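Good morning, and thank you for joining this group meeting. Please look at the sequence and the structure as they come up.

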Amino acid sequence: MIFSTVEHILTHISFSIVSIIITMRLISFFLVDGIVQLYDSSEKGMIVTFLCLTGLLVTRWTYSGHFPLSNLYESLIFLSWSFSLIHIVPYFKKNKKYLSTITGSSVVFTQGFTTSGLLTEIDQSSILVPALQSEWLIMHVTMMILGYASLLCGSLLSIALLVITFRKNKKIISIKNLLLNESFFFIEIEYMNERSNLLQNTSFFSAKNYYRSQLIQQLDYWSSRGISLGFIFLTIGILSGAVWANEAWGSYWNWDPKETWAFITWIIFAIYLHTRTTRNPKCANSAIVASIGFLIIWICYFGVNLLGIGLHSYGSFTLLAN
Amino acid sequence: MGSLHLTSSRPQSQSIPLSKLQNGTTGCCTKTRCCYYGYYPFFPKPPFSLRNSQISYSFCCRNNGLALGFTVSYKLETSKDNILTQSKKKKKKEEEEDKKSKIVVPESNEEAPSLSEEGTAGISNGGTRQPATRKSQLGGVGGSWKSSIWRRVLAILSNLPLALAEMAAVAALMALGTVIDQGETPDFYFHKYPEDNPVLGFFTWRWVLTLGFDHMFTSPIFFGTLALLGASLMACTYTTQIPLVRVARRWSFLYSAEVIRKQEYTDILPQASIKDLGVILMGAGYEVFLEGPSLYAFKGLAGRFAPIGVHLALLLIMAGGTLSSAGSFRGSVTVPQGLNFVVGDVLGPSGFLSMPSEAFNTEVHVNRFYMDYYDSGEVRQFHTDLSLLDLNGKEVMRKTISVNDPLRYGGITIYQTDWSLSALQILKDNEGPFNLAMAPLQINGDKKLYGTFLPIGDVNSPDVKGISMLARDLQSIVLYDQQGRFVGVRRPDSKLPIDIDGIKIVIVDAIGSTGLDIKTDPGVAIVYAGFGALMLTTCISFLSHSQIWALQDGTEVIIGGKTNRAKGEFPEEMNLLLDQVPELVESSSPKQSDVISG
């Protein structure tokens, strides 16, 4: 009883802190640009969230007696824990504002979804069916979810990149139009005057453009770093799952839907990594691949569970549950 | 010039490799092999000052039985070349080197030289693959017609967009394989994908059945795409990645300030000594090489070569998977407790490479099958106590297996995968015990339910009545009387009699049967090796290969650097390092640097 109370409290604390952080972020973004204190306190808030989520996982572990990753609810908590972990780790490097925005909001969404009423039936920690009683469970599932978390962060950054790129294109067109109009207007005026004006315009324009391209480069870079890291976790996760399957069912690969989709995810991000090996990689191309990957992760993580088939339909093991 | 060489010949440049050697004395073999590849070849043009240390390397290599002849001759030739071409422009030098390496490399080489060399040329000419194909055509004039075609095929296969398309195709086929229900009867597909109402306007059962999408993961199309992907992997490794190793070897000292300034990261330190920079870089984990006024340093070379390892590991996994599917045996059996079976009777071959082994004569005896339960009554674990008997009936092994804990013997693995109830042992009015066979009943969903029936009265009458007994597991049996009314529940181990219409029944035991999967798989070892290699090389691939060049220009040091992955952190790291480089007092710069470095 005390455990469930503690758990309840921790869940709500973490969720409310994350919501407050997001509100603060929005306020500092829209109203008061660049208030350092707000940013600082939101970072502290993320650390508290991280601690709460850790506490939540530990509590569940203690009272259920097994690693808390046996159903969707627990894996979602773990996902948001991974997001906050990713958030915390780069915090010490101080320079990853983009990443922290993404992770912060990701934590809100996953945590909100977890604590919302949608999953009330399954939030009770269930017993472990025989097939899940293995040390491989910890390795496989943690690696997979850490992988999902960092891949999601990376691909979200890529989506942001795409949005900015396309908005930039539009702006360039509009600015070009403006320049054209201006030049027509200035035909009447003295030549020198016009020229200096144009120069001013272009320099202003290029400065803005420079910041945008800087931003795009940063996004591109961090998304690729996130994805490479996630790719490592995903690889280890899939392979440890295969080894585990060979221990439990006698086959390291069964073409089970979840497995297949994990493999598809792996392939998509392998394509992403390969698109970046070319001499002059275009950010947009790889970003498109990464955004496809984003969809596929969600299919892999949720879609397959909703179908409820195969060996990974958390908790309903037709073969082994009597 | 000469005096400069002398000054730079001391502590730093030598101490790096030497300390490395000392560190690596126990694991000498792997370390020097590494050196042989990544370390030594970084000196196509070794400075005099470094020769000693290099020879010590080569010596170590020789101790481990590696080819030495190449290293020495190559070094000497290129060092001559170096002096000659030092004044020439960089481009010309590269061409010269291309020629040079063409003469020298073949005699040193284990892997087929001619093609990969051309790949090198292609890459050094700007990274496009066109030069390579052009060259291969030229080469084909001298060589046979076949090899020209072979090269053309290689060039096509190693094309990156093609490889990406193949990966996407594999992914799409797999996705399709999870969307379309697999392994159903043709009738199912007739109904699900009817011709008069095609999915997406064209997709009907004809597609499914003709292309084999009803068994996607064993269909020729899927295997064909995978095989094509494998071929691309090999071609890419062979024509692009391995030559990349040679390109990486060639990068070394840069002598012109302009070239250094063109790097991704550049900086100029006024009033600094290149030797101090070398010491600081060394402290940061770089391998540092000095030659007169120029410096070259690198870190994380493994990160550049690891992708090759990733590809090779994938090929290993593919090979292992093929062997698994062609050379394994599998089978499953449900054995009641107390009975025997022979392994060879259960196993069926899966492919043309499946060879039965001695161990197939082993007889398996199921000593006991039992389950553990949670307090709530749910099953915690299944256990089967197995004995393996050889041809003479001697027990060779005994083990209690459970889910996640299989038995391995002579290449055979026995897994606990299933269970069922085979019989109930009862006493009827203290007679018996009788064994009543139990039959599986399908009532609701996937929960297991077994039932049996004890006839009472005239067995031959048309409407025989009796007692029904149902069980979900081995724990409790539910009994119903002749009218089908619930009477009670008994546990097999309680020995408590139950009275049904005057008949006293004791349930002595519920006999379960264990469901075992048995397999032999010669591919597992290879696949596991591939898994290990893949995990390792993927992790190493995250490392970033950073290279730094520096040139002493009077009291200024011009620094250029680049890295292949961690482009974000690299400038910061460099700035931190360069901040540590001490500023020199103008008059006594050489002495002071010596004091610091010494």
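This is a predicted model: local features need pLDDT of at least 70, side-chain atom pairs count only at pLDDT 80 or more; totals for chains, interfaces and linings use all residues.

Which residue of β19(B) is the bridge partner of G331(B)? The bridge partner is I518(B).

Residues are numbered from 1 along each chain as its sequence is written, and chains are lettered from A and ligands numbered from 1 in the order in which they are written.

I begin with strand β19 of chain B, residues 503–520. Helices (H or I, at least four residues) and strands (E, at least two) are DSSP runs, numbered from the N terminus. Two strands are said to pair if DSSP finds at least two bridges between them. Strand β4(B), residues 329–336, runs antiparallel to β19(B) and is joined to it by 8 bridges. Strand β11(B), residues 412–428, is likewise antiparallel to β19(B), with 15 bridges; there K428(B) stands opposite I505(B). Strand β18(B), residues 498–500, is joined to β19(B) by 3 bridges, again antiparallel, and D499(B) has K504(B) as its bridge partner. The hairpin of β18(B) and β19(B) has 2 residues between the strands, and in this hairpin D501(B) takes a positive phi near 50 degrees.

The C-alpha atoms of D418(B) and T514(B) are separated by 6.3 Å, although the two residues are 96 residues apart along the chain.

Chain B also contains an open sheet of 5 strands, in the order β1-β21-β20-β3-β2, with antiparallel pairing. Its edge strands are β1(B), residues 265–269, and β2(B), residues 287–291, each of which pairs on one side only. From one strand to the next the twist averages 15 degrees. Between β1(B) and β21(B), residues 556–563, there are 5 bridges in an antiparallel arrangement, and Y265(B) stands opposite G561(B). Helix α15(B), residues 274–283, packs on this sheet, where it touches β2, β3, β20 and β21 of chain B, and its direction makes about 165 degrees with that of β2(B). Helix α19(B), residues 569–580, lies across β1, β20 and β21 of chain B and runs at about 15 degrees to β1(B). For these angles, axes are lines fitted to C-alpha atoms, for helices over the stretch in contact, and the values run from 0 to 180 degrees between N-to-C directions.

I now turn to chain A. How many helices and strands are there in chain A? There are 8 helices and 0 strands. Of its 322 residues, 42% count as buried. Taking contacts as pairs of residues whose C-beta atoms, placed from the backbone, lie within 7 Å, residues 24 or more positions apart account for 81% of the contacts in chain A with a separation of 6 or more.

An unreviewed UniProt entry places the feature "transmembrane region" at several stretches of chain A, including residues 44–63 and 260–275; such annotations may be inferred rather than shown by experiment. Residues 44–63 of chain A are 100% helix and 0% strand, with end C-alpha atoms 29 Å apart. Residues 260–275 of chain A are also 100% helix and 0% strand, and there the end C-alpha atoms are 22 Å apart.

The domain assignment, which is automatic or from a database, gives domain 1 (1–127) and domain 2 (133–322) of chain A. Between them, 18 residues of domain 1 are in contact with 18 residues of domain 2. On the domain 1 side, α3(A) gives the most, with 7 residues.

Finally, the contact between the chains takes 40 residues from chain A and 42 residues from chain B. On the chain A side, α6(A) gives the most, with 15 residues. By class, that side has 26 nonpolar, 11 polar and 3 charged residues. Here Ala, Val, Leu, Ile, Met, Phe, Trp, Tyr, Cys and Pro count as nonpolar, Asp, Glu, Lys and Arg as charged, and the others, Gly among them, as polar.

Definitions and conventions:
Two residues are in contact if their C-beta atoms, placed from the backbone, lie within 7 Å. A residue is buried if 20 or more other C-beta atoms lie within 10 Å of its own, exposed if 12 or fewer, and partly exposed in between; C-beta atoms are placed from the backbone.
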